[in-house]
2 protein chains.
Amino acid sequence: MDERVREHAAVLVDWSAQVEAGDDVVVSVGPDAHDLAVAVARELGERGANLLATYSSAELTRAYLTAHDGDFDEDPAHELGLYEGADVVLSIGGGRNTAAMADVPGELQGAHRKAHSGVREARYDTRWVSTRHPTRSLAQQAGMAYEEYRDFAYDAILRDWESLAAEMANMKDILDAGSTVRLVKPGTDLTMSIEGRTAVNSAASVRYDSHNLPSGEVFTAPYDTEGVVTFDVPMTINGAAVRDVRLEFDGGEVVDFEAGEGEDALGAILETDPGARRLGELGIGMNRGIDRFTDNILFDEKMGDTVHLAVGRAYDACLPEGESGNESAVHTDMITDVSEDARLEVDGEVVQRNGTFRWETGFEG
Amino acid sequence: MDERVREHAAVLVDWSAQVEAGDDVVVSVGPDAHDLAVAVARELGERGANLLATYSSAELTRAYLTAHDGDFDEDPAHELGLYEGADVVLSIGGGRNTAAMADVPGELQGAHRKAHSGVREARYDTRWVSTRHPTRSLAQQAGMAYEEYRDFAYDAILRDWESLAAEMANMKDILDAGSTVRLVKPGTDLTMSIEGRTAVNSAASVRYDSHNLPSGEVFTAPYDTEGVVTFDVPMTINGAAVRDVRLEFDGGEVVDFEAGEGEDALGAILETDPGARRLGELGIGMNRGIDRFTDNILFDEKMGDTVHLAVGRAYDACLPEGESGNESAVHTDMITDVSEDARLEVDGEVVQRNGTFRWETGFEG
């Protein structure tokens, strides 16, 4: 076994999920993520945590959904019992075909997601972390050789997270003190309110309310969005390729949308529920260990020189205690490249121009 | 996909587990059982049942157990919640190496099993069914080519279960009316009481209190066992090869044991708890679709011309309502060939001699 698989498992269990003896841990295993799951099982055994592994296969989900009449039972008791009893959920993605869901109607996926809102809440109430085992299918999606892709993935994952957290604290401080964010680039002029919201210094650990490994972004939960935004980074939504998305917001809601490719998949997401037409997240990528787009949102959205927005659910960590933000069965991220001809303003002051932050050398205000 | 995979899934879901709309179903998927799991997912979707897939990997279990200090938490809440909420549990075995647990100390496995007694009870309270997807590792274990093994497995699984159930009813009637069973062959003279116990016509359906696919045996829960029995069919217990077992019973308990091979694995089973030294099952193999030993207990114990006994847990279906039989964290089957020089008596009357039953032509009383 590649020693980095063991290191990945150790970072996931220790740094990311902060697993302790007695924790009831669900490990969700993708069909090609077996090796990482074995390494994680060893880490959990060493810590005296309790392991239950679930099987997360897009092919299974496709077979199930396409055979179903679409009238899904709400929050099945066995699934709810599992997540309500869990302290930690570690999702280890790694399938064999990133397009395995390509022919499943978005409405069907949306109906299934909606029927599982209680299950989802229970899972979000745990110390959950999502990661990916570098597989051949992810390498193919990225247009990279398998070994090359593994190097890429571990460069992003096996980082000095403490020092990245210290750098990202700069951005969090600016957002926490600010009221309005404006993003400007060709085809984009978008304004959002962030007043009263708390930014998350997403350093790949539940200690920071950060639930992705790799991470390396600072995000918050915007509202009252106005204007137009274009997303020029290619992405895959529910197995469908989506390109060149343009969203127009009025009164906080998407009032018009188009896509150069995959408009149906985008439309299905936006039509899931009313919250799917509002923003749930503004994120600023700060992981410079990620040096290229690989058509994998978990990595792409963390890349330096990018900003992403998600329609749908807002994370509670960004909201005042007890207050609920935008609610939705979906949370779909879309990315825009800010390396050129772009600026990010907070309360009228430029905090990032052409990818360079205010506190970095070479910044032009 | 081999059409027989779909047929296997349909038999499992319809005949075996009697799945209906709204059932909360756990599907336990072995690492190489993916194709059958996909077919089962489709069947569940068609029926409007609710699917949660778990991942059952001996390699994961090995990594977890060998890293653990052995002081396992009892009945973790997430696992208990899953099975307490489930109506049906379908275990689809199919690993990549039947010896994957070979170096895990039996004591550690026993301690883990003991700590999960509540979870196990919850699982047994569902309409559970165990089956196997024919994999290359099972073919290897059987000493057969992969295609040859698939033909063998589907001949055993895709049967006319209704008509086999009708034939097996003969044996059930004899056992239900009887008080004492005696098994005699070279090296074996064993007497057991079955008074007050009910035999199960194990026709691979929960309708018959039968939980294996394939099945094809009639079994009951004996007690007050006296005498000696030898098991001459090779088997694998917790990943270890076990051969030529001899058990001596006195007062219902194993008082002496030996094995030509694998004595440690056998000893670990017997030492799990007090119930592991008493019989939990007497089974009579009646599936003549199984025409050879394949070193896989699920198939071997159902073969015609064999009798098997299990140390450990007795199944509730054999017991008077509300009465509990032998209790144990284990249930380990061992098989003896009765095709030659052997007879099975109930209350002093021979019911099977050299593999031929009383109601069959060629029977010599």
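Start by selecting A:Leu36, A:Ala37, A:Val38, A:Ala39, A:Val40, A:Ala41, A:Arg42, A:Glu43, A:Leu44 and A:Gly45: these residues of α2(A) are buried (20 or more other C-beta atoms, placed from the backbone, lie within 10 Å of a buried residue's own). You're looking at a predicted model, where local features need pLDDT of at least 70, side-chain atom pairs count only at pLDDT 80 or more, and totals for chains, interfaces and linings use all residues. Residues are numbered from 1 along each chain as its sequence is written, while chains are lettered from A and ligands numbered from 1 in the order in which they are written.

Now widen the selection to the whole of α2, residues 34–47 of chain A (helices are DSSP runs of H or I, at least four residues, and strands are E runs of at least two, numbered from the N terminus). Of its 14 residues, 10 are buried.

Next, bring up both chains. The contact takes 40 residues from chain B and 40 residues from chain A (two residues are in contact if their C-beta atoms, placed from the backbone, lie within 7 Å). On the side of chain B that touches chain A, select α2(B), which gives the most, with 8 residues.

Finally, zoom out: a rotation of 180° with 0.0 Å of shift along its axis superposes chain B on chain A (by least squares on C-alpha atoms of residues with pLDDT of at least 70 in both). That's the relation of a two-fold axis.

Notes. The expected span of a helix is 1.5 Å times one less than its number of residues. A residue is buried if 20 or more other C-beta atoms lie within 10 Å of its own, exposed if 12 or fewer, and partly exposed in between; C-beta atoms are placed from the backbone.
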